[in-house]
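Reader: I am new to this structure. Please walk me through how to read its features.

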Amino acid sequence: MEYIDFVVETLGSFDDYTFEMLKKALVGEYLSFSVIKEDKVSKEVLSEKVCDYFEKVTIKTGKSFDKLIEAYTKGIAYVVGNNIAKVPKAKKNSQVKEDTPRAAKYYEKALTIKNSRNLSTRNLIDYSRIIFCLYMEIIKNNYSVIDNFDFSSNVLKPDAVINGMKMKEDFLIVKKKYFNIKELYSIDTCTFVIAVILLYTIINERI
């Protein structure tokens with residue numbers, strides 16, 4: 001996947017209302033303009049700026065855009081993975097098959113999309129919708145394990161998702177933030193830029 005195609009196929013389709021929401025989410029925190037005032041930033045100008053950002057990240061990290069997308073898909077899968085109810089193990093000598101929790105079914109479906117070859121922008125949007133809707137249910141339930149969720153894109157609140165990701169902690173070795181977003185042109189910060197764009201892409205499709 002090329003970052004120009006990703007930007008065109010996501011941001012390029014935004015209506016005016018969703019574009020303004022995206023602009024507020026990106027400009028100031030991830031992107032900045034030294035000459036143009038924010039209210040004068042058009043869709044074309046922002047699209048070019050986002051492409052410039054992705055180009056700088058690929059140069060800074062030495063990673064292709066495909067690798068940045070891979071880091072994004074792995075990152076958001078990790079955010080929700082431990083909060084999805086497990087598939088029940090069949091009881092010994094039991095003929096009764098345990099039902100797989102709905103949340104687990106969709107999470108596995110998302111992982112199947114993530115692991116497919118030649119991931120397209122459409123695949124990425126579908127994958128992200130599942131993961132983000134699961135995450136909203138996790139947030140709503142105070143970060144407890146979930147077995148069901150609302151798959152409607154109407155439940156998505158980008159600020160809640162992004163703030164939750166920022167607070168995600170990794171306990172494998174020592175308690176620390178999972179995402180390191182101190183460096184603007186890093187893989188982790190790029191994950192947030194991609195997440196913001198895809199969240200508003202999903203919202204734009206429901207309007």
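Reader: Is Lys67 buried, partly exposed or exposed, at 46% relative accessibility?

Author: This is a predicted model, so every value here is computed from it. Buried means under 20% relative accessible area and exposed means over 50%. Lys67 has 46%, so Lys67 counts as partly exposed.

Reader: Which side chain meets Lys67 in a salt bridge?

Author: Start with the general idea. Side chains of opposite charge can pair when their charged atoms come close. Here the partner of Lys67 is Glu70, at 3.5 Å from N to O. Both lie in helix H4, 3 residues apart, so about one helical turn separates them. Glu70 is partly exposed, with a relative accessible area of 31%.

Reader: How many salt bridges does the structure hold?

Author: It holds 8. One of them joins Glu29 and Lys166, at 2.4 Å from N to O. That pair links distant parts of the chain: Glu29 is in the loop between H2 and H3, Lys166 is in helix H7, and they are 137 residues apart. Glu29 is partly exposed at 45%. Lys166 is partly exposed too, at 22%.

Reader: Where do Arg122 and Asp126 lie?

Author: Both are in helix H6, 4 residues apart, so they are separated by about one helical turn. Arg122 is partly exposed at 40%. Asp126 is partly exposed at 32%. Elsewhere, salt bridges that share partners join Lys67, Glu70 and Lys74 into one network.

Reader: What does the side chain of Thr73 lie 2.9 Å from?

Author: A polar atom of the Thr73 side chain lies 2.9 Å from the backbone oxygen of Glu70. Thr73 is in helix H4. Its relative accessibility is 3%, so Thr73 counts as buried. Leaving aside neighbours within four places in sequence, Thr73 is in contact with Lys114, Leu119, Leu124 and Tyr127.

Reader: Now the rings. What describes a pair of aromatic rings?

Author: Two values do: the distance of the centres and the angle of the planes. The structure holds 14 aromatic pairs. In one of them, Phe6 and Phe54 are 6.1 Å apart, centre to centre, with 65° between the planes, and the pair is edge-to-face. Phe6 lies in helix H1 and Phe54 in helix H3, so the pair ties together parts that are 48 residues apart in sequence. Phe6 is buried, at 0% relative accessibility. Phe54 is buried as well, at 0%.

Reader: How far apart are the ring centres of Tyr135 and Tyr143?

Author: They are 6.4 Å apart, with the planes at 65°, so this pair is edge-to-face. Tyr135 is buried, at 3%. Tyr143 is partly exposed, at 44%.

Reader: Which ring does the charged end of Lys49 sit over?

Author: The ring of Phe33, at 5.2 Å from its centre. Likewise, Arg129 lies over the face of Phe151, 4.1 Å from the ring centre.

Reader: Last, the core. How many residues has the largest nonpolar core?

Author: It has 65, and Phe54, Phe132 and Met165 have the most contacts inside it. The elements that give two or more residues to it include helix H1, helix H3 and helix H7. Take Met165. Not counting residues up to four places away in sequence, Met165 touches several residues, among them Ile76, Phe132, Tyr135 and Phe192.

Terms used:
Residues are numbered from 1 along each chain as its sequence is written. This is a predicted model: local features need pLDDT of at least 70, side-chain atom pairs count only at pLDDT 80 or more; totals for chains, interfaces and linings use all residues. Side-chain values use heavy atoms; hydrogens and water are left out. A nonpolar core is a set of buried Ala, Val, Leu, Ile, Met, Phe, Trp, Tyr and Cys residues joined through side-chain atoms within 4.5 Å. Buried means under 20% relative accessible area, exposed over 50%, partly exposed in between (1.4 Å probe, protein chains only). Contact means heavy atoms within 4.5 Å. Rings of Phe, Tyr and Trp (its six-membered ring) pair if their centres lie within 6.5 Å; planes under 30 degrees apart count as stacked, over 60 as edge-to-face and the rest as tilted. A charge sits over a ring if NZ of Lys or CZ of Arg is within 6 Å of the ring centre and within 35 degrees of the ring normal. A polar contact is a pair of N or O atoms within 3.5 Å; within protein, one must be able to donate a hydrogen and the other to accept it, and residues adjacent in sequence count only if both atoms are side-chain atoms. A salt bridge is a side-chain nitrogen of Lys or Arg within 4 Å of a carboxyl oxygen of Asp or Glu.
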